[in-house]
Amino acid sequence: MASFVSANLSHEITGGFVSFKIDAKVHFEESEVGHRWLFQIEFMEEDPLSDDKISTSRETFADEIKRHYIIPSTQDVELSFTEEIASHLVNTELGKEEIYANLKLKPLEKPEGFVASQSRTNVTIVDV
């Protein structure tokens with residue numbers, strides 16, 4: 001079963017955008033290597049009552065999930081993705097934003113025993 005070993009979120013603010021960097025380490029079983037997987041990222045704003053999804057597109061104002069496709073060539077894989085979101089879309093309330101990402105890894109081929117995995121990153125404080 002593919003599994004997350006670690007998942008980290010960091011960010012930089014430049015020119016009206018927040019550039020989020022996701023670093024993840026994933027372990028695959030030997031039989032899962034060489035097969036196609038979907039890596040999904042959903043940005044969230046931590047809230048005491050109910051966490052909010054972060055819209056990543058100004059054009060649609062939709063809650064989007066960022067998608068990447070991978071084919072692991074070894075059992076232990078280090079992944080790094082950068083996603084840029086307009087600052088005003090990250091700014092969901094007064095004060096600093098507490099942002100994290102939900103990560104999902106799904107097998108696109110369905111051989112027996114292939115199971116999806118998920119994780120959550122740390123919270124990064126964004127002052128926009």
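Biologist: What is the strand order in the open sheet of three strands?
Modeller: The order is S1-S2-S6, and the pairing is antiparallel. Keep in mind that this is a predicted model.

Biologist: Which are the edge strands?
Modeller: Strand S1, residues 3-14, and strand S6, residues 76-86. Each of them pairs on one side only.

Biologist: And how much twist is there from one strand to the next?
Modeller: The twist averages 15°.

Biologist: How many bridges join S1 to S2?
Modeller: Eleven, with the two strands running antiparallel.

Biologist: What do S1 and S2 form, and what is in the turn?
Modeller: They make a hairpin, with two residues between the strands. Gly-15 sits in the turn and has a positive phi of about 50°.

Biologist: Now the other side of S2. How many bridges join S2 to S6?
Modeller: Eleven bridges join strand S2, residues 17-27, to S6, and this pair also runs antiparallel. Ala-24, for example, stands opposite Leu-79 in S6.

Biologist: Changing topic: where is Leu-94?
Modeller: Leu-94 is in the loop between helix H1, residues 87-90, and strand S7, residues 97-107.

Biologist: Is Leu-94 buried or exposed, and why?
Modeller: Leu-94 counts as exposed because its relative accessibility is 86%, and the cut-off for exposed is over 50%.

Biologist: How far apart are Leu-94 and Glu-83?
Modeller: They are eleven residues apart in sequence, and 23 Å apart in space from C-alpha to C-alpha.

Biologist: What does the C-alpha trace span?
Modeller: About 50 × 30 × 25 Å along its principal axes.

Biologist: How many of the residues count as buried?
Modeller: The chain has 128 residues, and 38% of them count as buried. The chain exposes about 7200 Å², with carbon and sulfur atoms supplying 48% of that.

Biologist: What about contacts between residues at least 6 apart in sequence?
Modeller: Of those contacts, 72% join residues at least 24 apart.

Biologist: Last one: how many positive and negative side chains are there?
Modeller: There are 12 positive and 24 negative side chains. The centres of the two sets lie 4 Å apart.

How values were computed:
Residues numbered from 1 in each chain as written. Predicted model: local features only at pLDDT ≥ 70, side-chain atom pairs only at ≥ 80, totals over all residues. Heavy atoms only, no water. Pairing = 2+ DSSP bridges. Helix = DSSP H or I, 4+ residues; strand = E, 2+ residues; numbered from the N terminus. Axes fitted to C-alpha atoms, helices over the stretch in contact; angles between N-to-C directions. Buried < 20%, exposed > 50% of the residue type's maximum accessible area, 1.4 Å probe, protein only. Contact = heavy atoms within 4.5 Å. Areas by Shrake-Rupley, 256 points an atom, 1.4 Å probe, with all protein chains shown as cover. Lys, Arg positive; Asp, Glu negative; His and termini not counted. Charge placed at Lys NZ, Arg CZ, Asp CG, Glu CD.
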